[in-house]
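Here are a few notes to go with your first look at this one. Have the structure open as you read.

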Amino acid sequence: MTATDPSPTRADAIMTDTSGPTLEGHPTGYGVSEPPIYRGLSTNFLDALAALAEAPHGGWWRDVLAHPDLILAVRREALDVYHRGASLFRVRYVRGRVVADTHAKYLVRQGQTRVALGEDGAFSIAGKALLWSDYAGPQTLAEMIKAAGNLVGVEKAGVHALVRASTNVIDLEIALAGDDPGEGDEPADAATGSGVAHRTGPRQDRLDAASLEERGNPGEAWLVFHEAKDFSNDALRAAPKRAPGIVAQMGRYRGSIGQNSGGLKYSYPFVCRALVRLDDLRQSVRAHDPAWLNRPQAPLDPLIREVADGTRRLQIECIPRLVVFGYDGAQKAVWEAEAQRLRTQFGLRVYAVGDPTAAKVAAAFRRPADVPLWRPPAPPVPPPATIPLPAGAPDGLSLHFVHGRAGGPVYLCNPGATTLTDVAVESVGVTSNYPGVVHTGTARHAVPEAPAGTGVHVDDCDVMSDGEVLTPYAITATRPDGTRLRATAIIDKGGPPGRFVALSVTDLPPAAAGDAHGGTAGAGAGETDTGADISPPPPATL
């Protein structure tokens, strides 16, 4: 969607102080002489809107709050009331008063009959019969909505359906231009896609929606911007050697989001706080309006409230997403080929919806499966336990079973004068034991070093299960001169014969460095279930 830029941008709108915004302490409620944000409503403005909902002259505002098909979009100390992309009202806070205006085209009465043309060239119609001159209650609002619907194309109607089904959407018709995307946020004309008619200026793109999504980190919420296109839009396709128009448009969006990411991150928590207040107000008004009791409105997505109260920090996704809708089953194959080209050749993030009125459209602005979830960092691995070289240890490398046949911790004993490094240990143990079938797994452990004259913890032996099969050990390590060694032992059924088992040591050729069993010993620990009958080889001589 595009629009005309109705005003110059403000480079001073981005605030570098991110210590925490405040809306208090100033007559406007912002705490400073100028609102330091792209978007947000002052506390005083929100209080005035709450008071207006109870005032005798606030009938139009109560009707707006109660109507489930109207969407409230927060601007910079202003509010747009949208239906299918048409801004039915622009609500502002001027000198302590709530002021609203609308476009005359939405005031055209919808129940008119044919009008006679006189001989003098005059149409026989009175002004009041043509336009609403006074707000006369819900009927006026209903006709304004109908007038807007007559001007809206399929794309705006489809976007409205998608947004209405998505409780995590927090903004729509978003202008991003220059340094201040909030400065030029005049309501877009739903019929033409342009801004206020008397304004002129360079072309300004408007993203269709912004939503919040969760990516696994309980302390974060991501702000994601979306451009929605009907399948019939020519910008989605082009000749094989040309780029579709949507590619350049999404590139502009990506640049603008990145350029303004600091201000957006600072500003949108204010938007969430305003939306929470407005939602509470809407629910209160609707609870006392019998006309809407049978049409409950879905509550805000919890993410909005969590960003509003600071439970989650806001993060900005700089790569916008393309949402395509409006194709049927017969057109699906055509679209899938076009979508594949947009993804692979041009790197766009594309989400296909199909019918915007279908039940699944609630996922249109949700996190796609190809966006990875955050995973908490792995806790630091504590260094392996070491003990002084046990009494009675053999002269060469050995395994020390602390409790002998009873199992327990297993230590690699290094009686030498030098430290071994990059120690990798593999052992095979039982993972499950069913009648007639024994399942085993390979455990891998990495140890940074085996200091001289010590024993280092490398495994744990469970004689009750591991004693059912032979347990081979294979260990690789690096000497101080850089050469590698391989040490092996096989523990017979029933567990070790005593507290120490000597290891058979051989040198590894350079090509086999890091290879304990003819494969990679690997860092860290893991198990691989073989799921096979065990036919053990004869035990090695130790």
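Predicted model: local features only at pLDDT ≥ 70, side-chain atom pairs only at ≥ 80, totals over all residues.

1. Start with the open sheet. Five strands make it up, in the order β12-β17-β14-β13-β20, and their pairing is antiparallel. At the edges you'll find β12 (386-388) and β20 (500-502); each has a single partner strand, so one side of each is left without a neighbour in the sheet. Going from one strand to the next, the twist averages 35°.

2. Now zoom in on one pair from that sheet. Strand β13 covers residues 398-401 and strand β14 covers residues 408-414, and the two run antiparallel, joined over four bridges. If you want a spot to check by eye, look at S398, which stands opposite C413 in β14.

3. Next, T476. You'll find T476 in strand β18, which spans residues 471-478. Is T476 buried or exposed? Its relative accessible area is 0%, so T476 is buried, the cut-off for that being under 20%. The T476 side chain also has a polar contact, at 3.1 Å, with the side chain of R484.

4. Last, the surface. Which residues make the nonpolar surface patch of about 450 Å²? They are V115, L117, F123, I125 and L130. Of these, take I125: it sits in the loop between β5 (97-101) and α3 (127-130). I125 has 35% relative accessibility, so it counts as partly exposed; that class lies between the 20% limit for buried and the 50% limit for exposed.

Technical notes: Residues numbered from 1 in each chain as written. Heavy atoms only, no water. Buried < 20%, exposed > 50% of the residue type's maximum accessible area, 1.4 Å probe, protein only. Polar contact = N/O pair within 3.5 Å; in protein donor to acceptor, adjacent residues only side chain to side chain. Pairing = 2+ DSSP bridges. Axes fitted to C-alpha atoms, helices over the stretch in contact; angles between N-to-C directions. Patch = residues over 30% accessible without salt bridge, like charges linked within 9 Å, V, L, I, M, F, W, Y side chains within 5 Å. Areas by Shrake-Rupley, 256 points an atom, 1.4 Å probe, with all protein chains shown as cover. Salt bridge = Lys/Arg side-chain N within 4 Å of Asp/Glu carboxyl O.
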